Amino acid sequence: MNVLINLFSNYNIVGAFVVNIELTLWSALFSLILGVLLVTMRISPVSSLRAFASGYVELFKNMPLTIIMVFMVLGVFGQLKFQFSNNFDTNFFWLATAGLSLYTAAFVCESLRSGINTVPLGQSEAARSLGLNFVQSASQIILPQAFRGAVAPLGNTFIALLKNSTVAAAASVATESSSLMSTMIEDNANAIIAIFLIFAFGYVILIIPIGLLTTWLSNKLAVRR
Amino acid sequence: MTSLDSTPVENLTKSAAGQETGSPLVELRHVDKYFGDLHVLKDINLSVAKGEVLVIIGPSGSGKSTLCRTINRLESIDSGEILIDGQPLPQEGKKLTKLRAEVGMVFQSFNLFSHKTILDNVTLAPRKVRGTFKADAEKEGLELLSRVGVDTQASKLPVQLSGGQQQRVAIARSLAMHPKVMLFDEPTSALDPEMINEVLDVMVNLAKEGMTMIVVTHEMGFARQAANRVVFMADGEILEEGTPEEFFEHPTSERARDFLGKILTH
């Protein structure tokens, strides 16, 4: 027990988790926006947009996140000299957020596409026959129903995103939880098991409610046909 | 499921066919369509005058639904020409959406927007496509819903309504756009028998009011009473065309006699 109290008083464990939560929330927002754009392109009548979106999804879905994160720091920041801020910590935080968002958007797009598959073809035919154009039928009819049908896969995508946020360590975000875990293990070799369990359970505690919320929302929002 | 004697129609005057003046409202010229190797529409020539009620009948797989769907380009055609009010059917883009707004369509499976209320289903297109103000669209929407007898259900979701009610809402939804012509693609085929007449009643009233209608149906009672002209299709071809009396009493082709023999024996 003393070990735990010492660990919690010597290290800002809660603060580290807060960094991961921040990374997750920002990336969820940006990947959702990008994912909606991508899935709209994938169902659009313009073949070049469809090709671009499916190329994007295949590329980012099949690329290891670590490589994207390292590229954000060494490539985007190191070589291309692109930076979000002069403050190193802030800069790396947003580089990591950008990497996570680009990566997760591919999965958001795929989740939404599975949602679109739950919308009967007749819905878009009815929309078109009333004179709605593509953007109107996508935004009014198809996407709202697709979102309701995609709650479960979207929830899983965001759970994966929260866990993936620990890969921000590869983008030099030193304040997030897995970086702190490494530091703590280096300093306290006698308490490796305790440190491991703290972080493992930290994520379990964060993620279980998301799973429950997802299941509940999935039932509540399901479109009744 | 033919209902020759239990028709909802009382005294429908068939005057519209006699009023053919000027160019036809819908005209198909030498229309051909293939699904892969299957030749589903073979050199279709057809014209529908303003105010006319045209009923298309025929065995399943004869291409009648496909024909109906080509008229607002839910299906494209491979050759030939379709004219609406003298204008050729546009390919894609703004012109096509504008045209579709003027051609109403009622589907076999209703296709009400599942996530929207009945009233929102009816007001969506006028608001988004025509830019009608919400209050005006809702006022007219409620009027239309009361015309088809489902105004008390306005705030419900489609799934809470019976099939017959849903189809009547679908008709109201099309009417909200003030279409020049309405297409009905087997509007009663997915309905329980006791709900068929409530939908046919609405269609008969529309016909009386002078709406131009192209109806694909198996309801021979409706065809006899409300149609100005009946078209019989089989294997992608129009085999017969005439008034309901001519067609039902004196079918000329063997195929039509066979078809009528099979469906009218019960």
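In the predicted model, strands S4 and S5 of chain B form a hairpin with two residues between the strands, and within this hairpin Asp85(B) adopts a positive phi near 55°. The pairing of S4(B) with strand S5 (residues 87-88) of chain B is antiparallel and comprises two bridges. Across this pairing, Leu83(B) is placed opposite Pro88(B) of S5(B). S4(B), which spans residues 79-84, is also joined to strand S1 (residues 26-35) of chain B by five bridges, the two strands running antiparallel. In that pairing Val26(B) has Ile84(B) of S4(B) as its bridge partner.

Positive phi values were also found at two other positions. Most residues other than glycine have a negative phi. Asp43(B), which is not a glycine, has a positive phi of about 45°. This residue belongs to strand S2 (residues 38-48) of chain B. Asp43(B) is partly exposed, its relative accessible area being 41%. In chain A, Lys81(A) likewise has a positive phi, near 60°. Lys81(A) is located in the loop that links helix H4 (65-79) to helix H5 (88-116) of chain A. With a relative accessible area of 65%, Lys81(A) is exposed.

An open sheet of six strands is present in chain B, with the strand order S6-S7-S8-S3-S9-S10 and mixed pairing. Its edges are formed by strand S6 (103-106) and strand S10 (237-242) of chain B, each of which pairs on one side only. From one strand to the next, the twist averages 15°. Helix H2 (residues 94-102) of chain B packs on the sheet, where it touches S6 and strand S7 (181-185) of chain B; the direction of H2(B) makes about 65° with that of S6(B). Helix H6 (residues 193-208) of chain B also packs on the sheet, in contact with strand S3 (53-57), S7 and strand S8 (212-216) of chain B, and its direction makes about 145° with that of S8(B).

Leu200(B) is one of the residues of helix H6 of chain B. Leu200(B) is buried, its relative accessible area being 2%. The C-alpha atoms of Leu200(B) and Pro187(B) are 8.7 Å apart in space, while the two residues are 13 residues apart in sequence.

In helix H9 (residues 254-263) of chain B, the buried residues are Ala256(B), Phe259(B) and Leu260(B). Viewed down the axis of H9(B), these buried residues fall within an arc of 95° and therefore line one face of the helix. An α-helix has 3.6 residues a turn, so residues three or four places apart point the same way. The cover over the buried residues of H9(B) includes helix H7 (220-226), S9, S10 and helix H8 (244-249) of chain B. On the face of H9(B) turned away from the buried side are the exposed residues Glu254(B) and Lys262(B).

The UniProt record, an unreviewed entry, assigns the feature "domain: ABC transporter" to residues 26-260 of chain B. Over residues 26-260 of chain B, the model is 39% helix and 26% strand, with the end C-alpha atoms 27 Å apart. For chain A, an unreviewed UniProt entry places the feature "transmembrane region" at residues 12-39, 59-80, 92-109 and 191-217. Among these spans, residues 92-109 of chain A are 100% helix and 0% strand, and their end C-alpha atoms lie 26 Å apart. Residues 191-217 of chain A are 96% helix and 0% strand, with 40 Å between the end C-alpha atoms.

The two chains are in contact through 24 residues of chain B and 20 residues of chain A. Together, chain B and chain A bury about 1,900 Å², of which 61% is on carbon and sulfur atoms. Of the area that chain B buries against chain A, 29% is supplied by Phe113(B), Ser114(B) and His115(B), more than by any other three residues.

Notes: Residues numbered from 1 in each chain as written. Chains lettered and ligands numbered in written order. Predicted model: local features only at pLDDT ≥ 70, side-chain atom pairs only at ≥ 80, totals over all residues. Heavy atoms only, no water. Pairing = 2+ DSSP bridges. Helix = DSSP H or I, 4+ residues; strand = E, 2+ residues; numbered from the N terminus. Axes fitted to C-alpha atoms, helices over the stretch in contact; angles between N-to-C directions. Contact = heavy atoms within 4.5 Å. Buried < 20%, exposed > 50% of the residue type's maximum accessible area, 1.4 Å probe, protein only. UniProt positions renumbered as here; feature names shortened; annotations may be inferred. Arc of directions from axis to C-beta. Buried area = accessible area lost by both parts, 1.4 Å probe.
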